[in-house]
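I am opening a notebook on this structure. The entries below are what I looked up, in the order I looked.

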Amino acid sequence: MILANLSHMTIVGWESRYREILKEFGYSRNKDNQSCRLLDSLLPKKVDLVKIRRLIENKPVFIVGAGPSLQSSIPILKKYKKITKIVADGATQAVIENGLKPDIVVTDLDGDIKSLKKAGRTNTIMIVHAHGDNSEKLSFAKNFKNCIGTTQAKPMGKVNNFGGFTDGDRCVFLANHFKAKKIILLGMDFGTKIGKYSKIKVVNRTIKIAKLRRGKKLLEWLAEKSDSDLYSTTKIKGFMKIDHRDIIKIIPKN
């Protein structure tokens, strides 16, 4: 019962961040709520969050983004196969193509559907996000073996709000929520270049870059509140800047 209650606890201060997002991008709170209700109706049962807690709590985790540096991070993921991998949407394709299995995938269903479906048939935990612009895709969640719903609005029923906006920064908020010991960002670039795995089709590049900028701001805000040790291969305020060679100092080798 305690776990169920904790699952609906959103990080303190999120509502203010959410209002900023609605204002900046012109999103509708009502549409987000409608999408959240739809996802809640599609999920067959409330998933026990113990599995996800076991993967994250007091452990080092890799957050795998779909930025331009993703490809250069693959050797690290292969070297440390036993470390929990939380993979953002489009990066799932790259991870699978390289013979690796994501432990958790965070997606709003914009990425390569074949790769998401493949991951969803395994024991990978699929964290499906409902927002006002993806309601027509949410029925795809029924294809996933282990599926947890999220929203950026008020959580309800089987749908949680762990915090975060883009797939990449939601991965980090998830790891923080479940108290990871160390959070190490790979392929999370937040620059003006869009990685080839980032999205099947980028409709508006300007908006995409604005979303990345907002995601970075959210991570800088999270860094002020997090008890986890935070590392990134790109510069983010509040995260220790590292390169791939430093990872052996941060986590024990498999």
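I began with burial: 56% of the 254 residues of the chain count as buried, meaning under 20% relative accessible area with a 1.4 Å probe and protein chains only as cover. The model is predicted, with local features needing pLDDT of at least 70 and side-chain atom pairs pLDDT 80 or more, while totals for chains, interfaces and linings use all residues. Residues are numbered from 1 along each chain as its sequence is written, and side-chain values use heavy atoms, without hydrogens or water.

Next I looked up the secondary structure and noted 10 helices and 9 strands. These are DSSP runs numbered from the N terminus, helices being H or I of at least four residues and strands E of at least two. The radius of gyration is 17 Å, close to the 18 Å of the globule rule for 254 residues, so the chain is as compact as a globular protein of that length. That radius is taken over C-alpha atoms, and the rule is 2.2 Å times the number of residues to the power 0.38.

I then turned to one helix, α8, which spans residues 167–177. I found 11 of its 11 residues buried, among them Asp167, Arg170 and Phe173. After α8 comes Lys179, with a positive phi near 60 degrees.

Phe173 came up again in my search for rings: ring pairs link it with Trp14 and Trp221 into a cluster. I count rings of Phe, Tyr and Trp (its six-membered ring) as paired if their centres lie within 6.5 Å. The whole structure has 8 aromatic pairs.

Technical notes. Buried < 20%, exposed > 50% of the residue type's maximum accessible area, 1.4 Å probe, protein only. Phe/Tyr/Trp six-rings, centres within 6.5 Å; stacked < 30°, edge-to-face > 60°.
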